[in-house]
Amino acid sequence: MVLEAVNLVKDYGEHRALKGLNLKIDAGEVFCLLGANGAGKTTTIQLFLGFIEPTAGLAKIKGHVVKDSPVETKRALAYIPENVMLYPTLSGLENLRYFTVLAGIAEQGPSVYRQTLMDAGLPEFAVDKPVGTYSKGMRQKVGIAMAIARKAELLLLDEPTSGLDPKASNEFSQLVTRLRDEGVAVLMATHDLFRSREIATRIGIMKQGVLVDQFAAADVSHQDLERIYLEHMRD
Ligand SMILES: Nc1ncnc2c1ncn2[C@@H]1O[C@H](COP(=O)(O)OP(=O)(O)O)[C@@H](O)[C@H]1O
Ligand SMILES: [Mg+2]
């Protein structure tokens, strides 16, 4: 099992943001987490990143408890938030080199970085341009390139397609699908019902810190998904 939440609880002061989450994601699975703002999606992802510590329960990656094995668990994962943080004055290639070396990956020749960025869908003309000139979709592709370069076994995605135009969002989904087919496990928080049905193997709906429903993406049509989602949001 690549990712496992065992009775995972997170309190912020008096507020219980996550109320005993149980979740398993295996290699080659994409779990899309849907839910209104404030449902606990980002909290869930941050617990697996080790950015925050659980109040109770366990966040495990490849069998290691995140809190106890921060180095091993971070090595296995790549994280793409809504806005990928890069150095705007450095090129895509320089950012990729900088962040992968920082992550402990041996330095490669420029042609390797160039190829990785192009594998992640970045147009060749952009590779040597400052990232400050990139569109949001292009920055997300640098994020994917980092995941590829680091051979991440787990991708944690927090609303990665928010604010992308449909073409960029489609390209992003294709990249995630390709990584999924190569055996990467993916946890993606999103508001995009359409894309979730396209790329997810499983879809979960979170409401006020509780995973209130989950099902195989193949078992629902887009209309079903929208209806199920809206029914859960009603009260
Ligand atoms: N650092 C924090 N301090 C206090 N409350 C927080 C903090 N982060 C999130 N929360 C609260 O926890 C709940 C879940 O938030 P979050 O995980 O960001 O939800 P989502 O990503 O689904 O929108 C919300 O009620 C939010 O206000
Ligand atoms: Mg969030």
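This is a predicted model: local features need pLDDT of at least 70, side-chain atom pairs count only at pLDDT 80 or more; totals for chains, interfaces and linings use all residues.

Visitor: Ligand first, then. Which residues surround ligand 1?
Guide: The shell consists of Tyr 12, His 15, Ala 17, Ala 36, Asn 37, Gly 38, Ala 39, Gly 40, Lys 41, Thr 42 and Thr 43. By class, that makes 4 nonpolar, 6 polar and 1 charged residues.

Visitor: Which polar side-chain atom lies 2.8 Å from an oxygen atom of ligand 1?
Guide: One is on Lys 41, at 2.8 Å from a ligand 1 oxygen. Thr 42 also has a polar side-chain atom 2.8 Å from an oxygen of ligand 1. From the backbone, an N or O atom of Ala 39 sits 3.2 Å from a ligand oxygen.

Visitor: And how much of the accessible area of ligand 1 does the protein cover?
Guide: On its own ligand 1 has 560 Å² of accessible area, and the protein covers 58% of that. Two or more shell residues come from each of β2 (15–25) and α1 (41–49).

Visitor: Which element gives the most to that shell?
Guide: That's α1, with 3 residues.

Visitor: OK, switching to helices. At what angle do α3 and α4 pack?
Guide: About 105 degrees, with the axes 9 Å apart; α3 covers residues 92–102 and α4 covers 110–119. Angles from 65 to 115 degrees count as roughly perpendicular, so α3 and α4 are roughly perpendicular to each other.

Visitor: Which residues make the contact?
Guide: From α3 you get Gly 92, Leu 93, Leu 96, Arg 97, Thr 100 and Val 101, and from α4 Pro 110, Tyr 113, Arg 114, Thr 116 and Leu 117. They split into 6 nonpolar, 3 polar and 2 charged.

Visitor: What about α5 and α6, how do they pack?
Guide: Helix α5 (residues 136–149) and helix α6 (residues 166–181) have an angle of about 10 degrees and axes 10 Å apart. Anything under 35 degrees counts as roughly parallel, so that's what α5 and α6 are.

Visitor: Which residues meet there?
Guide: Gly 137, Gln 140, Lys 141, Ile 144 and Ile 148 of α5 meet Ala 168, Glu 171, Phe 172, Leu 175, Arg 178 and Leu 179 of α6.

Conventions
Residues are numbered from 1 along each chain as its sequence is written. Chains are lettered from A and ligands numbered from 1 in the order in which they are written. Side-chain values use heavy atoms; hydrogens and water are left out. Axes are lines fitted to C-alpha atoms, for helices over the stretch in contact, and angles run from 0 to 180 degrees between N-to-C directions. Helices (H or I, at least four residues) and strands (E, at least two) are DSSP runs, numbered from the N terminus. Angles under 35 degrees count as roughly parallel, over 145 as roughly antiparallel, 65 to 115 as roughly perpendicular and the rest as oblique. Contact means heavy atoms within 4.5 Å. Ala, Val, Leu, Ile, Met, Phe, Trp, Tyr, Cys and Pro count as nonpolar, Asp, Glu, Lys and Arg as charged, and the others, Gly among them, as polar. A residue is near a molecule or strand if one of its heavy atoms lies within 4 Å of it. A polar contact is a pair of N or O atoms within 3.5 Å; within protein, one must be able to donate a hydrogen and the other to accept it, and residues adjacent in sequence count only if both atoms are side-chain atoms. Accessible areas come from the Shrake-Rupley method with a 1.4 Å probe; for residues, only the protein chains shown count as cover.
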